[in-house]
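Here is a short report on one protein chain. Look at the sequence and the model first, then read on.

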Amino acid sequence: MTKTTMTVNGKSVSAATEGRTLLSAYLRDGLGLTGTHIGCDTSQCGACVVHVDGLAVKSCSVFAQDIEGADVKTIEGMANADGSLSVLQQAFQDHHGLQCGFCTPGMVMSSAALLAENPNPTEHQVRDYLEGNLCRCTGYHNIVKAVMAASDQAVPAE
Ligand code: FES
Ligand code: FES
């Protein structure tokens with residue numbers, strides 16, 4: 001076991017890792033940040049997406065030791081400083097972009113990365129960007145509406 005240190009949600013943190021410890025396990029088991037969900041553990045569902053140095057990454061596809069020193073953001077770091085929901089999180093709530101909520105942390109993290117890269121995406125660009133995030137419940141339409149609303153654009157019609 002080795003101690004692996006990185007910055008998570010603005011704080012320097014350390015947890016014991018083996019070479020095979022995935023970033024998702026580091027966050028959930030090592031740091032107790034269980035907002036990062038694990039749906040498949042095989043890089044398919046997107047429930048585990050976090051930001052690593054500003055980029056959306058499936059945390060089940062990265063070894064923690066390989067990103068020693070990185071700047072990581074998880075869903076726990078997405079709310080405003082006063083604890084209120086971010087504009088994007090609020091838009092998911094307002095537009096019913098979640099049902100069971102299992103995919104939601106990954107959807108929010110991926111959508112935030114998209115909006116950072118492209119603040120005014122088209123509906124097609126939103127759908128294309130979220131292609132790696134699976135949702136069993138919503139049919140995706142309300143998720144797309146939420147992302148469009150968060151970017152201050154007209155939401156797609158029903
Ligand atoms: S748990 Fe990482 S992509 Fe499904
Ligand atoms: S809201 Fe249930 S999986 Fe997406």
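Why is H3 largely enclosed by the rest of the structure? The answer lies in the count: 10 of the 14 residues of H3 are buried, so H3 is largely enclosed. A residue is buried if 20 or more other C-beta atoms lie within 10 Å of its own, exposed if 12 or fewer, and partly exposed in between; the C-beta atoms are placed from the backbone.

## About the model

This is a predicted model: local features need pLDDT of at least 70, side-chain atom pairs count only at pLDDT 80 or more, and totals for chains, interfaces and linings use all residues. Residues are numbered from 1 along each chain as its sequence is written, while chains are lettered from A and ligands numbered from 1 in the order in which they are written.

## The whole chain

The protein chain has five helices and five strands. Helices (H or I, at least four residues) and strands (E, at least two) are DSSP runs, numbered from the N terminus. Along the sequence, the pattern is β-β-α-β-β-β-α-α-α-α.

How does the radius of gyration of the protein chain agree with that of a compact globule? With 158 residues, such a globule would have a value near 15 Å, and the protein chain has 15 Å, so the two agree. The radius is taken over C-alpha atoms, and the globule rule is 2.2 Å times the number of residues to the power 0.38. Along the principal axes, the C-alpha atoms fill a box of roughly 55 × 35 × 25 Å.

Of the 158 residues, 41% count as buried. Now take the contacts between residues at least 6 apart in sequence: 56% of them join residues at least 24 apart. Two residues are in contact if their C-beta atoms, placed from the backbone, lie within 7 Å.

## Two domains

The domain assignment gives domain 1 (2-75) and domain 2 (87-150). Such bounds come from an automatic or database domain assignment. The centres of the two domains, taken over C-alpha atoms, are 21 Å apart.

Where do they meet? 15 residues of domain 1 are in contact with 12 residues of domain 2. On the domain 1 side, S3 and S4 each supply at least two residues. S3 gives the most, with three residues. This side of domain 1 divides into eight nonpolar, seven polar and no charged residues. Here Ala, Val, Leu, Ile, Met, Phe, Trp, Tyr, Cys and Pro count as nonpolar, Asp, Glu, Lys and Arg as charged, and the others, Gly among them, as polar.

## Helix H3 and its cover

H3 spans residues 104-117. Its 14 residues reach 20 Å from first C-alpha to last, close to the 20 Å expected at 1.5 Å a residue. The expected span is 1.5 Å times one less than the number of residues.

Among the buried residues of H3 are Met-107, Val-108, Met-109 and Leu-114. The cover over the buried residues of H3 includes strands S3 (49-52) and S4 (55-58), as well as helices H2 (87-94), H4 (123-129) and H5 (141-150). Follow Met-109 as an example. Leaving out residues up to four places away in sequence, Met-109 touches Val-49, Val-50, His-51, Ala-56 and Ile-75.

## The nonpolar core

A nonpolar core is a set of buried Ala, Val, Leu, Ile, Met, Phe, Trp, Tyr and Cys residues joined through C-beta atoms within 7 Å. The largest one has 41 residues, and those touching the most other members are Leu-22, Tyr-26, Val-108, Met-109, Ile-143, Ala-146 and Val-147. S1, H1, S3, S4, H2, H3 and H5 each supply at least two residues of this core. H5 gives the most, with seven. Domain 1 and domain 2 each provide at least three residues of this core.

## Helix H1

H1 covers residues 23-30, and its buried residues are Leu-23, Ser-24, Ala-25, Tyr-26 and Leu-27. Strands S1 (2-8) and S2 (11-17) are included in what covers them. After H1 comes Gly-32, with a positive phi near 75°.

## Loop residues

Most residues other than glycine have a negative phi. Asn-9 has a positive phi, near 50°. Asn-9 lies in the loop between S1 and S2. Tyr-140 also has a positive phi, about 75°, although it is not a glycine. Tyr-140 sits in the loop between H4 and H5.

Is Arg-136 buried or exposed? Arg-136 is exposed, because 11 other C-beta atoms lie within 10 Å. Arg-136 is found in the loop between H4 and H5.
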